[in-house]
Amino acid sequence: MSPFTKVLAAFAICFTASAASISDSLKTIRAVGPEGKGNAAAAQAWQALAQAKPAALPQILAAMDGANPLASNWLRAAVDTIASRAKDLPQMELMKFIANQKHDPRARRLAYELIKNVNPQLASKLIPGLLNDPSVELRRDAVQRVIDQGADLKKTNKPDLAQKQYRIALDAARDIDQIKEITAALRALGQKVDLPRHFGFLMHWTVIGPFDNTDRAGFAKIFPPENKVDLTATHDGKAGKVKWSQFVTANEYGMVDINKAYPGPGDGLKEVTAYAYTEYAAAAARTVELRLGCKNAWKIWHNGKLIFGRDEYHRGLRIDQYKLTINLAKGRNTLLVKLCQNEQQQDWTKEWQFQLRVCNATGTALLAPDRPITPKTGTHNNQPANSTRTPRKK
Amino acid sequence: MKYFIALTLAFSLQATAADWKQFRGPQGNGVTSERNLPLTLSEKNLKWTIPLPGRGLSGALVIGEKTFVTCSSGITQNRLHILALNAKDGGVIWHRQFWATGRTMCHGKTSVAAPTPCSDGKNIFAVFSSNDVICLDLDGNLQWLRGLTADYANVSNSLGMSSSPLLIGSAIIVQVENDSESYTLALNKRTGINLWKLNRPKAANWTSPVRLTNTLIALQSKNGIDAIRAADGTKAWSYDGGASTIPSSTLRSGVLYVPSHGITALELNKADAENTPKELWQSPRLSPGTASPVVLGNKVFTINGAGVLTAGNLESGERIWQTRLKGPFSATPVATATHLYCVNETGLLQVVDTRGKEGEITGTLNLDDTILGSPAVGGGAIYLRSNTKIYKISE
């Protein structure tokens, strides 16, 4: 680009910044979509938007409400750019933005960090009020504050007060590291913690298998449970007839270990497929997240509709590894999980298991009204599929 | 006119041939033309250390007076960072953050900031394990971004992705190969929009694409090597002898040294590189561990899983000498005309003179830090990035 052209381009940007409204730029950026759709227009709009004065920051942050994740990143880059050259930020307006919980959780956290960078004292005043904030990132600091209070009380030999603080922290905690820290502290104080209930792990299942997964073909193959779940039916499995049986996990992270249902020889069955079925009673129709942890290939159906599947084996498992948004119907909802084990023989390929929970976008467990009490022992096999579940104690 | 020439010259000096603008440097083979790097090391060679806001094992870039580095932070590593530092003093010139749009789960040893960015000297193209691709200019202004897992929902690897992007012509080559939805894409470097998308073997793959010619790239996978036309993604030829999925191939003087059966040397067809290459030799005794091979002078060097540096004859693949370094190594070494700079996973930088009958360690510097990324070289300095810091080392 020649210097003359550069000057012209700079002039054009300045002109654009002054002439085009911020709202026009925001609209263009929010229109970005899959596979780079809208990128070229967004780049021009971004150049103009990034020239905006700091007073525009709340408006740009507000544009993240309902924006797709790609658009949010475009907007975030504009916020960072504007804030990095600003001498003063509109702190009071940003405080108001944070206080409005209807705004996008990540935008509110970003506003908090902008304030924290220039006025840490003001930011710290916000923390106590964020304990049950819909932004997980915002509530994290508030939870840590209460954890620290609990630890101080424990150090000063006030276990009852410490326990109370830890309970408050646990109720609010959504990050696994904090939950583990609080659980350990409470248990050290002789307290019980019902982790499956805290997370909302689904503990009661009926399972059927093994079906074939030779050469990993079982992932794509449609076995009878995919067409219809009939808990009284018998089907042709990999090595004979198979039928549904009850499976209750007592694992405190909700792990449904299919190897326990179908132990097989040695380190367990290989090249096999199983299905796990459960029901979830919703008090009202609503949007929820299914959160899955799994290191085997899997598919999930909700009310008979395939939600998602992934044919990856033994690359790792963690809580909330996959987040799937579904719309629960009022009343009975069915969930069917297909779980495939492959041919690998290494020590780290024994696992044939998953963990599944129902929660909101914050990660707060959504417990079914008829959720049974958390089981103390697991039931692994040879239980009739229609056996009565233990009702929750009133 | 004089004014025009002066300005043009000044602009072109912003990015020079000696800049380190991609994984393994200007030629993509780890070799630098720098001549003034320290051969013996002590604390006085450590010019500055700057804390980073997140983890990472991507290599730094060095462009003019700026050093660029990527990181990831947060409980789930879902914050993506790109920083520009003043190469002189390490001061942060700008810092941009983004939210990961794809999965961020990865093995504890690696990080979401694993791929080394690339640059054309005007823009930085950063790729993360979440398959977010972000283009910023050298002043930190966003040019475009993509979320490849948002586009292709099963493009991910629960152990983490690490393939570094490659710039060729007007395309950014992004290799997002994994067990499930496995692709290599060419993105328009101006807009980020797909130029082409190629189905690739369904298998986890952490290797990076290699530029063979101005129009041809090599994609490595467990199956071997595919030579792909950068213009349209069509295949020119394949080597189907299998290859490693961790260390990448290295090109020097028309010969591709592939981590396959140890090292396999493939000579590109001299008349037309799109024709099938000639297999010169295979050397099982040169088998590399995690680090990619480096070619220097008339030798090819590999480091195995035990930390043994092996020099092989470039003509025959025969082993010439071995030197045991203190390992283990993840980072690919960088090389001057005579020396290798090898940094192990605990931050011990070891300088090896390669000219003798066997390797001679001429200097060491213990940074006592977790370093898994390949060093960057520029402006007479070596830049090492750890999981928490970036270091500048020079005379």
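Domain bounds here come from an automatic or database domain assignment. On that basis chain A of this predicted model is divided into domain 1 (3–130), domain 2 (137–193) and domain 3 (199–359). Taken over C-alpha atoms, the centres of domain 2 of chain A and domain 3 of chain A are separated by 33 Å.

**Confidence**

The model scores ipTM 0.93 and pTM 0.93. For chain B the mean pLDDT is 95, with 96% of its residues at 70 or more.

| Helix pair | Packing angle | Axis separation | Crossing |
|---|---|---|---|
| H9(A) (136–155) and H10(A) | about 165 degrees | 8 Å | left-handed |
| H10(A) (159–172) and H11(A) (176–188) | about 155 degrees | 10 Å | left-handed |

H9(A) and H10(A) pack at an angle of about 165 degrees. Angles over 145 degrees count as roughly antiparallel, and H9(A) is therefore roughly antiparallel to H10(A). On the H9(A) side the contact is made by A:Arg139, A:Ala142, A:Val143, A:Val146, A:Ile147, A:Gln149, A:Gly150, A:Leu153 and A:Lys154. H10(A) contributes A:Pro159, A:Leu161, A:Ala162, A:Gln165, A:Tyr166, A:Ile168, A:Ala169 and A:Ala172. By class, this contact has twelve nonpolar, three polar and two charged residues.

For H10(A) and H11(A) the angle is about 155 degrees, so these helices too are roughly antiparallel to each other. Here H10(A) supplies A:Gln163, A:Tyr166, A:Ala169 and A:Leu170, while H11(A) supplies A:Ile179, A:Ile182, A:Ala185 and A:Leu186. The contact of H10(A) with H11(A) has seven nonpolar residues, one polar residue and no charged residues.

**Contact between chains A and B**

The contact between the chains takes 32 residues from chain B and 31 residues from chain A. On the side of chain B that touches chain A, the elements that give two or more residues are helix H1 (2–13), strand E5 (92–99), strand E9 (142–147) and helix H2 (148–151) of chain B. The largest share of that side, six residues, comes from E9(B). Its residues divide by class into 14 nonpolar, 14 polar and four charged.

Conventions. Residues numbered from 1 in each chain as written. Chains lettered and ligands numbered in written order. Predicted model: local features only at pLDDT ≥ 70, side-chain atom pairs only at ≥ 80, totals over all residues. Axes fitted to C-alpha atoms, helices over the stretch in contact; angles between N-to-C directions. Helix = DSSP H or I, 4+ residues; strand = E, 2+ residues; numbered from the N terminus. Parallel < 35°, antiparallel > 145°, perpendicular 65-115°, else oblique. Left-handed = near helix turned anticlockwise from the far one by under 90°. Contact = placed C-beta atoms within 7 Å. Nonpolar A, V, L, I, M, F, W, Y, C, P; charged D, E, K, R; others polar. pLDDT = per-residue confidence, 0-100.
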